[in-house]
Amino acid sequence: MALPSEILTRADLNTLWLLGDPVDHSLSPLIQNTALRTLGRNAIYIASQVKSDSFEAVVRALPQMGALGANVTVPHKMRAFQLCDSLSEAAREMRAVNTLHFRDGEIFGENTDGIGWWSSLSRVCRHLSFQRAVVIGAGGAARAVCHTLMKQGITTLVLLNRTVGNAVNLKAELPRTGEVAVDRLESFEQHLGSDTLVVQTTSVGLRGGGTPVPLPSRWPERCFLSELIYGKETALMSGVRRLGGEASDGLGMLCGQAAESLALWMGLPPESIPFQEMMRVAREKLKS
Ligand code: ATR
């Protein structure tokens, strides 16, 4: 996306930032600046590589420079959580912050990963009325997904992880609003059933190769795979599709969390953010 030359000569723009390390392959500037332009907003979104030892100084300097907010990505989400003056409920539950909003002289921390993922899923999955979910992985992404699933009324949750102890720890921090079970990756097929949402949160498949769980022999009706990896069809996605199942990749989560962050900074309802346009430019970029 070429920036209009007018932008580069303006001195009155609000700034929004992406703070991470690395950031050079991030799609966020493309997605966010596309949305800002579509909305006709007087702001620009800039990615900045920030090392861990300067992260706090950068966060404290941004509001002093008049910045409106920032997205925080790997490896700074937990440090951002510790630095905020106030936090949303989602950020508190996930103990991680991906969105900073500089307002009323304070640093407010939000986490839009979970709600962004869920709202994007509702756009691609026609029957979002699951009672059961199977989550593969127990890291930071799984934590955002699990808290969101419990909030959305899932009553039976199965956590599958290579290191079972990590899944046990994740289970311990979830609200006791439903039944949560922990098992090994190899048990995947026995936990599948109709009306089940499967969420793949590990990095397995990111660089090609295999699947984190053994492919099942059949795929039940109304069972849906939400893969969090984007930019490719993973072996798990293609395996599920070969069995006649439906699957989506993680681009929806990327654009969904971006849309929720932008809604917060702009003071707009999330529905008014041009999500489809954000998805379109991101898909186009990944193809090029
Ligand atoms: P993120 O924050 O992106 O979720 P993470 O916290 O490092 O990343 O979590 C990585 C997840 O992928 C974990 O569930 C990890 O399993 P362990 O808890 O056993 O480490 C899982 N994972 C990473 N590499 C894996 C592999 N080769 N096979 C199976 N699971 C793997």
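How closely do the axes of α2 and helix α12 (residues 275-287) come to each other, and at roughly what angle do they cross? In this predicted model, the two axes come within 9 Å and cross at roughly 140 degrees.

- Six strands form an open sheet of mixed pairing, in the order β2-β1-β3-β5-β6-β4, and its edge strands, each pairing on one side only, are β2 (43-49) and β4 (86-87).
- Within this order, strand β1 (residues 14-20) and strand β3 (residues 69-72) pair in the parallel sense over four bridges, and the bridge partner of Leu19 in β3 is Val72.
- Helix α2 (residues 28-39) lies across β1, β2 and β3, and runs at about 170 degrees to β2.
- Helix α3 (residues 55-64) lies across β1, β3, β5 (99-103) and β6 (106-110), and its direction is at about 170 degrees to β1.

**The sheet containing β7**
- An open sheet of six strands with parallel pairing has the order β9-β8-β7-β10-β11-β12; β9 (179-183) and β12 (246-248) are its edge strands, each of which pairs on one side only, and the twist from one strand to the next averages 20 degrees.
- Strand β11 (residues 224-227) runs parallel to β12 and is joined to β12 by three bridges, with Ala247 in β12 as the bridge partner of Leu225.
- Helix α8 (residues 164-173) lies across β8 (156-160) and β9, running at about 170 degrees to β9.

**Helix α2 with helix α12**
- Because the axes of α2 and α12 cross at roughly 140 degrees, the two helices are oblique to each other, and α2 passes α12 in a right-handed crossing.
- On the α2 side the contact is made by Leu30, Ile31, Gln32, Thr34, Ala35 and Thr38, and on the α12 side by Glu277, Met278, Val281, Ala282 and Lys285.
- Sorted by class, this contact of α2 with α12 has six nonpolar, three polar and two charged residues.

**Helix α6 with helix α7**
- The axes of helix α6 (residues 113-124) and helix α7 (residues 140-151) come within 8 Å and cross at roughly 65 degrees, which means that α6 is roughly perpendicular to α7.
- As α6 passes α7, the crossing is right-handed; the contact is made by Asp113, Gly114, Ile115, Trp117 and Trp118 of α6 together with Ala144, Val145, Thr148 and Leu149 of α7.
- The contact of α6 with α7 has, by class, six nonpolar, two polar and one charged residues.

**Backbone features in loops**
- As background, most residues other than glycine have a negative phi, and most peptide bonds are trans.
- The peptide bond from Asp21 to Pro22 is cis, with omega near 10 degrees, and Pro22 is placed in the loop between β1 and α2.
- A cis peptide bond also runs from Val74 to Pro75, with omega near 5 degrees, and Pro75 is found in the loop between β3 and α4 (77-83).
- Arg95, in the loop between α5 (89-94) and β5, has a positive phi near 50 degrees although this residue is not glycine, and Arg95 is partly exposed, with a relative accessible area of 35%.
- Asp104, in the loop between β5 and β6, likewise has a positive phi near 50 degrees in a residue other than glycine; Asp104 counts as exposed because its relative accessibility is 76%, where exposed means over 50%.

Methods:
Residues numbered from 1 in each chain as written. Predicted model: local features only at pLDDT ≥ 70, side-chain atom pairs only at ≥ 80, totals over all residues. Heavy atoms only, no water. Pairing = 2+ DSSP bridges. Axes fitted to C-alpha atoms, helices over the stretch in contact; angles between N-to-C directions. Contact = heavy atoms within 4.5 Å. Parallel < 35°, antiparallel > 145°, perpendicular 65-115°, else oblique. Left-handed = near helix turned anticlockwise from the far one by under 90°. Nonpolar A, V, L, I, M, F, W, Y, C, P; charged D, E, K, R; others polar. Buried < 20%, exposed > 50% of the residue type's maximum accessible area, 1.4 Å probe, protein only.
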